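Subject: Structure handover

Hello,

Here is the structure for you to look over. My notes on what turned up in it follow below.

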Amino acid sequence: MSRASETSIFTEMTELAHRTGAVNLGQGVPELDSPPVLLAEVAQAVLDGRNQYPPAIGVPALREAVAAHQRARYGLEYAPGDEVLVTTGATEALASACLGLTGPGDEIVTFDPCYDAYPAGARLSGARLVPVPLAIDGDGFVLDSDALRAAVNGRTRLLVLNSPHNPTGKVFTPDELERIAEICREHDVTVVTDEVYEHLVYDGARHVPIATLPGMRERTLTVSSAGKTFNVTGWKVGWVTGPAHLVAVVGSVKQWLTYTSGAPYQEALARALGAVEGWAAGLRRTLTAHRDLLAAGLEEAGLSPYRADAGYFLQADIRPWGFTDGLRFCRELPLRAGVVAIPTSAFQQGVDTTPWLVRFSFCRRERSLADAVDRFAALTASRPEGA
Ligand SMILES: *Cc1c(COP(=O)(O)O)cnc(C)c1O
């Protein structure tokens, strides 16, 4: 069966949720509010007639806002004229980078488990994806630099980094980033870094863009997007920053994929991005509370989750329930507990050494999460002592 005709696990689990009335904590589609001003401004931009093709590289105001954001937040300087490109979501930036920078015979290294757009990008370009497993250490996921070193060779053209990381909620530490950077500098590897969760970092964790490390700006394309930051995943507006020669490669592919991206959204997002800090602080408070609510419920149910310092997801170990296969667990969970999750194996490209991991999303409404927690509690209460 071709990849395209496989029923994805997301479709299967969403259908299962509908059929059984289970709470869907599978897919990572946020159920949270967006900034009201942003919504009003998009509506106004449409009514004002900003409905024709904007410039291929993006509306000037948004490119300037992205450059200002990178400078103010990270001290990274990019020229809005040729070092910032607006794309149709982060997805298009990632696919265009793979298509423009790699081809058959090349290798793309990424960390496993990974977001499914990376293997898709490799398939589109004909390059080989080389997954490097993240290691588990205590309650979190860590870089295995020996494994990374062993994976990089003369054929490695790209390293696709994702920090903050989906599906684990890991934030790569400055020390880990330095070890990755060292290997990339040594082997002259270009880095594409997917930072769509850059604002959704909790507790004391801090997001550091790899482009800020010595010798990395010149070899790094940094990708981000409005979807996760403003709870507008349906708008599909993303952007990429980097040195002009790399941004130009992405732009030359983007030109023939979509040419340009949603004009009214870009206008409104330019203003929202300028005021993102206040908005993001509130969103982080909400998501931290949601994460803690779900984590406590899972803990209570005996499915102790790993630490999630960022993003939308918790990883849980299902072995205490006597399961070793996440897919089987996820097919049974709606019937047993009335909750839907996604097996982490769906994000695993290499040998799966952790088939017992399952991903739960906490970007849902508080009511959905409380409902899921209640269902777990009811299940625990009905189980005989010691079972
Ligand atoms: C959601 C997500 C994306 C997709 O971003 P779009 O802007 O919707 O294309 C990319 N990368 C990761 C890690 C994501 O979780």
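**Helix packing**

In H4, Glu92, Ala93, Ser96, Ala97, Leu99, Gly100 and Leu101 meet Leu246, Val249, Val250, Val253, Lys254 and Leu257 of H9. Contact here means heavy atoms within 4.5 Å. Helices (H or I, at least four residues) and strands (E, at least two) are DSSP runs, numbered from the N terminus.

Before the rest, a word on the source. This is a predicted model: local features need pLDDT of at least 70, side-chain atom pairs count only at pLDDT 80 or more, and totals for chains, interfaces and linings use all residues. Residues are numbered from 1 along each chain as its sequence is written, and side-chain values use heavy atoms, with hydrogens and water left out.

Back to the first pair. H4 spans residues 89–101 and H9 residues 244–257; they pack at an angle of about 105°, with their axes 8 Å apart. That makes H4 roughly perpendicular to H9. Angles under 35 degrees count as roughly parallel, over 145 as roughly antiparallel, 65 to 115 as roughly perpendicular and the rest as oblique. Axes are lines fitted to C-alpha atoms, for helices over the stretch in contact, and angles run from 0 to 180 degrees between N-to-C directions. By class, the contact of H4 with H9 has nine nonpolar, two polar and two charged residues. Ala, Val, Leu, Ile, Met, Phe, Trp, Tyr, Cys and Pro count as nonpolar, Asp, Glu, Lys and Arg as charged, and the others, Gly among them, as polar.

Next, H11 (residues 276–300) and H13 (residues 366–382). Their angle is about 10°, and their axes are 9 Å apart. H11 and H13 are therefore roughly parallel to each other. His290, Leu293, Leu294, Gly297, Leu298 and Glu300 of H11 meet Glu366, Leu369, Ala370, Val373, Phe376 and Thr380 of H13. The contact of H11 with H13 divides into seven nonpolar, three polar and two charged residues.

The last pair is H2 (residues 36–47) with H10 (residues 263–274), at an angle of about 145° with axes 8 Å apart. H2 contributes Leu38, Glu41, Val42, Ala45 and Val46; H10 contributes Pro264, Tyr265, Ala268, Leu269, Arg271 and Ala272. The contact of H2 with H10 has nine nonpolar, no polar and two charged residues.

**Ligand site**

For Lys236, the corresponding value is 2.7 Å. The cut-off for a polar contact is a pair of N or O atoms within 3.5 Å.

**Backbone points to check**

The bond joining Asp112 and Pro113 is a cis peptide, with omega about 0°. Pro113 sits in the loop between strand S3 (107–112) and helix H5 (117–125). Ser163 to Pro164 is also cis, with omega near -10°. Pro164 is in the loop between strand S7 (156–162) and helix H7 (174–186). Asn231, a residue other than glycine, has a positive phi, near 55°. Its place is the loop between helix H8 (226–229) and strand S10 (238–241).

Best wishes

Methods. Polar contact = N/O pair within 3.5 Å; in protein donor to acceptor, adjacent residues only side chain to side chain.
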